[in-house]
Amino acid sequence: MTLPTMRCLLQPTSEADTNGLVLCTSPIPTADESNGEHLIRVHACSPCSGELLWPKDFPPPNARELVPCPDMAGTVVTAPAGSPFQPGDEVYARTDYVRPANARDYTVAIGDELAHKPKNLSWVEAAAVPVSAQTAWQILFVHAGIVPSGTDESPAGFADARKAWEGKKILVTAAGGGVGVWVVQLAKLLGIEVIGTCGNRESEALVRSFGAREVLNYRTADFKAWAEERDGVRKVDVVVDCIGRKALQDAWWCVKEGGTVLSIFQPPAPLRPEGCEVQAKDVFFIMSPSSRQLQEITRLIEEGECRPLVDSAWPLEQFHPAFRRLDEGHSRGKIVFDLSLNAMQQKLGLGDGK
């Protein structure tokens, strides 16, 4: 008997880069319902910056196929009895790194990762949400150290977090990127004063539209001089770094004494510039999927409080140019694969890819 097959994008080895990715045909996976697994028909998925380095730098705990794109949006095909996500439900998730990710027509997810897709978003828009929004949520509610531990993820917990952040300021690097726009939006909802960084006027206008009070051009700004103006009153309580390297190094000058420098790209301490003697906590973390957090993000999206930002949408067959755009580091928002498109549709202008 011939097993049903699907398209699947593979990173053949942990050393393979964008040029080494291959699109192949694979058997459709089987979900183990006894372990809480759901089979999902994927309609859209999204890659993460730097994710092709993860298998080498952070090998999966168990050997598995290296399928990229941890974000996905799709329809439940099979589900465990009693799951809140049943066949036909529209869902989205950032799936766990222990399993192959979602650049394929069918994937597997567990209930603790899934949330119901916002009704007011397309599949492409929904796939742009989970990693970025949950990372921003965990920055502001957990890892920045401002909100008391144990604060829940309900509307009441959101109100408690707003009180904890009262009067605080943050600096967000790459504020027009996939994670950055979510940090800016959620920070605005929490009443936090936001200073963002970006590289051009178009991105500056975008970041301001999401709620930043001030935007610095990282190509021209002297961060040390900016922070020291007005006797250092401009300095921030928390630096949120989304891009690492020189951006993180420059941002060290902007944190207050006793503040926090947090990065989702690399540990901040080694990037402290020479002569910067501020006493500040440094934090590096990797987000963990949370159904409860993602469901709260769904609520905020459906209420019109925040929205995703899609840089461009691509058919899966155009994975090479899509990943090259991701590698350039200049996308505004998320790059998404629309699995309903094919390369010919995009060439004829029938999709929304760029």
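**Close-up 1. Strand β3 (residues 37-46) runs antiparallel to β15, joined to it by two bridges.** Strands pair when DSSP finds at least two bridges between them. Opposite Asp338 of β15 stands Ala44. The model is predicted: local features need pLDDT of at least 70 and side-chain atom pairs pLDDT 80 or more, while totals for chains, interfaces and linings use all residues. Residues are numbered from 1 along each chain as its sequence is written, and side-chain values use heavy atoms, without hydrogens and water. Helices (H or I, at least four residues) and strands (E, at least two) are DSSP runs numbered from the N terminus.

**Close-up 2. Strand β14 (residues 310-314) is parallel to β15, with four bridges between them.** Ala313 has Val336 of β15 as its bridge partner. From β14 the chain passes through helix α10 (residues 319-328) to β15, a right-handed β-α-β crossover (clockwise from the first strand over the helix to the second, with the strands pointing away from the viewer).

**Close-up 3. Strand β15 (residues 334-338) is largely enclosed by the rest of the structure, because five of its five residues are buried.** Buried means under 20% relative accessible area (1.4 Å probe, protein chains only). Lys334, Val336 and Asp338 lie on one side, and Ile335 and Phe337 on the other.

**Close-up 4. The axes of helix α3 (residues 130-143) and helix α9 (residues 291-302) cross at roughly 105° and come within 10 Å.** Axes are lines fitted to C-alpha atoms over the stretch in contact, with angles from 0 to 180 degrees between N-to-C directions. The helices α3 and α9 are thus roughly perpendicular (65 to 115 degrees). Contact (heavy atoms within 4.5 Å) involves residues including Trp137 of α3 and Ile297 of α9.

Technical notes
Buried means under 20% relative accessible area, exposed over 50%, partly exposed in between (1.4 Å probe, protein chains only). Angles under 35 degrees count as roughly parallel, over 145 as roughly antiparallel, 65 to 115 as roughly perpendicular and the rest as oblique.
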